[in-house]
Amino acid sequence: MNKRIAVLIATYNGGKYIEDLLKSLLNQTFQDFECLIHDDGSGDGTQTILNQYSRRYPDKFQILEYQPMGRSNKNFYSLMQKADHPYVMFCDQDDVWLEDKIKRSYETIKRLEDKYGADKPIAAFSDLIVVDQELNTIHPSFFQYSDINPDRFSLPQLMTGNIAAGCSMIINRKLNRTASSDSDNPVMHDWWCMQIASALGYIKRIPSPPMILYRQHADNVVGSAEFKKARNLFHKLQNKILNLGSAAPSSYLKMQRNNALMLAAIIGEDCRWYEFLNQFAHISTKKKTERIAFYQKYNLINPHSCKCWILLWV
């Protein structure tokens with residue numbers, strides 16, 4: 001019988017840190033969960049460690065065997081499709097979970113379902129403690145360290161940038177099923193979940209204190225350093241963009257606009273965000289004065305909001 005929560009772990013060459021994570025999961029105060037793990041073809045001993053823990057703790061660690069997915073987000077999408085639990089959490093291979101993370105996350109989303117109903121897509125997320133390779137604190141707040149306002153999670157704001165790290169999130173079954181319907185989705189799984197929850201359901205930030213030691217090192221696929229790079233890019237390009245210049249990778253723009261069309265198809269014409277998404281998807285066809293009005297209408301030109309909106313200018 002399934003546990004109440006599925007913790008999804010997508011691994012690839014994480015042998016240096018994976019055991020710290022697995023031990024922290026075993027130390028959780030809330031134990032009604034199981035980990036679904038898929039390794040994407042590691043060559044560094046990760047699979048050996050996973051197999052050892054799976055044999056020792058078969059009720060906690062279930063290794064799923066199928067072909068490598070090739071990318072982190074595709075790996076997570078494949079795990080989401082395997083999970084049919086009431087709740088799902090995402091887990092990075094190099095972090096450490098504090099002992100009350102699952103308990104507090106579960107209590108939060110359970111209250112949200114009790115209030116709004118399990119038929120609504122619901123997500124909750126928390127802050128993180130940014131640490132170095134040896135788990136020494138770099139900054140006590142990921143949000144502050146990365147210049148993120150964690151309360152800006154309306155759909156327009158989430159279409160221009162994500163604010164929640166996947167490892168800090170918990171989602172309900174309805175959101176998991178909706179978000180995992182297309183495993184070829186190029187959008188990161190955590191960002192996609194936040195967008196769907198904002199459009200069709202509910203999102204809540206779990207109050208401090210943070211519940212994860214978010215390890216930063218040279219091999220991170222995505223980390224807080226990437227947010228700092230994005231912030232620096234914003235400052236470099238801001239003047240050029242506002243002077244009607246052009247600066248954005250066409251592939252990124254195409255992904256963003258296609259993403260808006262995919263979400264519009266899911267929510268349907270009766271949703272209040274349908275028209276916004278269609279305008280967002282075709283923003284390049286508008287005159288520059290119309291673009292300014294569009295960004296102002298949806299509060300997307302605040303320099304303290306997510307920075308990626310500037311990439312939609314061209």
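Modeller: Pro209 is found in the loop between strand E10 (202–205) and strand E11 (212–215); helices (H or I, at least four residues) and strands (E, at least two) are DSSP runs, numbered from the N terminus. This is a predicted model, in which local features need pLDDT of at least 70 and side-chain atom pairs count only at pLDDT 80 or more, while totals for chains, interfaces and linings use all residues. Residues are numbered from 1 along each chain as its sequence is written, and side-chain values use heavy atoms, with hydrogens and water left out.

Colleague: What is omega at the peptide bond that joins Ser208 and Pro209?

Modeller: Pro209 belongs to the loop between E10 and E11. The bond that joins Ser208 to Pro209 is cis, with omega about 10°.

Colleague: Is Asn13 buried, partly exposed or exposed?

Modeller: Asn13 is placed in the loop between strand E1 (5–11) and helix H1 (18–26). Although Asn13 is not a glycine, its phi is positive, about 50°. Buried means under 20% relative accessible area, exposed over 50%, and partly exposed in between (1.4 Å probe, protein chains only). Because its relative accessibility is 35%, Asn13 counts as partly exposed.

Colleague: Which residue of E9 is the bridge partner of Ala123?

Modeller: Two strands pair if DSSP finds at least two bridges between them. Strand E6 (residues 122–125) and E9 pair in the antiparallel sense over 3 bridges. In E9, the partner of Ala123 is Ile171.

Colleague: Which residue stands opposite Ile170 of E9?

Modeller: Strand E4 (residues 87–91) runs antiparallel to E9, and 3 bridges join them. Opposite Ile170 stands Met89.

Colleague: Are the residues on the two faces of E9 buried or exposed?

Modeller: In a regular strand the side chains alternate between the two faces of the sheet. In strand E9 (residues 169–172), Met169 and Ile171 lie on one side, with Ile170 and Asn172 on the other. Both faces are covered, and these four residues are all buried.
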